[in-house]
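Morning, everyone. I have one structure to show today, and I'll keep it brisk.

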Amino acid sequence: MDFQFSEEQKIFRDAVEKFARNEIAPTAAAREEAGEFSFEMWKKLCGYGLAGLSIPVEYGGGGADAMTTVLAMITFSAACRDLSMAGAWGTHLLLAAMPIAEIGTDEQKKKYLPVMASGEWIGALGLTEPEAGTDATSLRTRAVRKGDEYVLNGSKTFISNAPIADVFIVVASVDLSERAGGLTLFIVDRSCPGVTTGRPLKKRDGDSWPTGEVFFDDCRVPAANRLGEEKTGFTHMLTSLGWERIAFAPFVGLMESDLNLCIEYAKQRVQFGKPIAKFQLVQAMLAEMKMDLEASRWLAYHLAWKKDRGEFIGLDAAIAKTFITEAAERSAGKAVQIFGGYGCMREYPIGQSLWATKLGVIGGGTSQIQRTIIGRMLTGM
Ligand SMILES: Cc1cc2nc3c(=O)[nH]c(=O)nc-3n(C[C@H](O)[C@H](O)[C@H](O)COP(=O)(O)OP(=O)(O)OC[C@H]3O[C@@H](n4cnc5c(N)ncnc54)[C@H](O)[C@@H]3O)c2cc1C
């Protein structure tokens, strides 16, 4: 394994750090409080080339590999603590654009990737349904072929970016009786007749990264918008998981930011006549946060490194996703504990991490199902 960053990667990392710190961080807390997605900040992020970072250069993207993308995402969220913007960015790029880049036809790539690379169009992924969460293969959204079109009927929920998305990667079934075997991917424009989105869902971690429902009511999607062959949706979702799992990298950045804030706070908060940083039990919490942070960072790099080598990463993806998100949740709990009562107050940013990291251990496959996947892979049973 060689995780040595090139000079180019180091320069890029430093530039992303400066950009996030100077351009995004100053207004992050106020935007979080206001609870609205900021198109102004999104445009800044796009202007910096981040919206299309890993999209191939020939389609207007940055052509970055997985390692550079991970590095940028960790650096960005550590520098600006804007998990909403990082979440919207990761969803758009890794859950919506990269599946098109990896399995789309030339026409699909030419039509969608340039507008997604520039960020003019925002993407989302619609898999989860009200009755199909962990058991995604029981979804009910149907796609029936009629001539040159598919007619989609069904609904999706908890879809990140749904209220602001221009295009959705939708998982539907062409044969409900086959469950996983019937799943097929479609690229569905928001402007497609029969597509509607519900009101944004109110989230515990705030509303500046919008999440919502999407409804398909006799929605006629051109057959040319099928992504991959019929009945290959499940396989494609497994193989493009590498990019999707990288979307958890911002949690590593959040852990880094939480730790830095905690060290600073522990050194200046005085109790019993001395900074609380002198108490070994406080030091133990900081030490555990640091151990979780570094283990998570290396797991994220390892996953990206394998992805860039074209190695199958199913087991690594499940391990990295589970460990990183659970470490982030543990770390967020300790961070609030170190801040004591102030950690529970909205005027201090630290508590925001608690609910944000809870999403990590639920979204993209819960910790329970990840353990099940890891166990099955280990035993073959
Ligand atoms: C903020 C947010 C954003 C999201 N964004 C998206 C998105 O962009 N696109 C998208 O498609 N989805 C998205 N999701 C949905 C997310 O992927 C699902 O919430 C998740 O897969 C869990 O499904 P569920 O909520 O229906 O829980 P359920 O599947 O009902 O699970 C409930 C509990 O039962 C456990 N459980 C279920 N089955 C098993 C089993 N076999 N063994 C052990 N335990 C089990 C679960 O681990 C969990 O603890 C998002 C969710 C949230 C909260």
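Start with Asn161. This residue is buried, because 27 other C-beta atoms lie within 10 Å and the cut-off for buried is 20 or more. Asn161 sits in the loop between S3 and S4. Its phi is near 75°, a positive value in a residue other than glycine. Bear in mind that this is a predicted model.

Now Phe158. Here too phi is positive in a residue other than glycine, near 60°. Phe158 belongs to strand S3. Is Phe158 buried or partly exposed? Phe158 has 19 C-beta neighbours inside 10 Å, so it counts as partly exposed. Buried would take 20 or more.

Next, the strands. S1 covers residues 123-126, and both of its faces are covered. Gly123 and Leu125 are buried on one side. Ala124 and Gly126 are buried on the other. The general rule applies here: in a regular strand, side chains alternate between the two faces of the sheet.

Who pairs with S1? Strand S4, residues 167-173, runs parallel to S1, and four bridges join the two. Within that pairing, Ala124 stands opposite Phe168.

S4 also pairs with S5. That pairing is antiparallel, over seven bridges. Val167 has Asp189 of S5 as its bridge partner.

How enclosed is S5, residues 183-189? Six of its seven residues are buried, so S5 is largely enclosed by the rest of the structure. S5 is joined to strand S8, residues 226-227, by two bridges, and these strands run antiparallel. There, Leu185 is partnered with Leu227.

Last stop, helix H9, residues 280-308. What span should its 29 residues give? At 1.5 Å a residue, the answer is 42 Å, and the end C-alpha atoms are 42 Å apart, which agrees. Just after H9 comes Gly310, with a positive phi of about 75°.

That's the tour. Questions, please.

Note on methods. Residues are numbered from 1 along each chain as its sequence is written. This is a predicted model: local features need pLDDT of at least 70, side-chain atom pairs count only at pLDDT 80 or more; totals for chains, interfaces and linings use all residues. A residue is buried if 20 or more other C-beta atoms lie within 10 Å of its own, exposed if 12 or fewer, and partly exposed in between; C-beta atoms are placed from the backbone. Two strands pair if DSSP finds at least two bridges between them. The expected span of a helix is 1.5 Å times one less than its number of residues.
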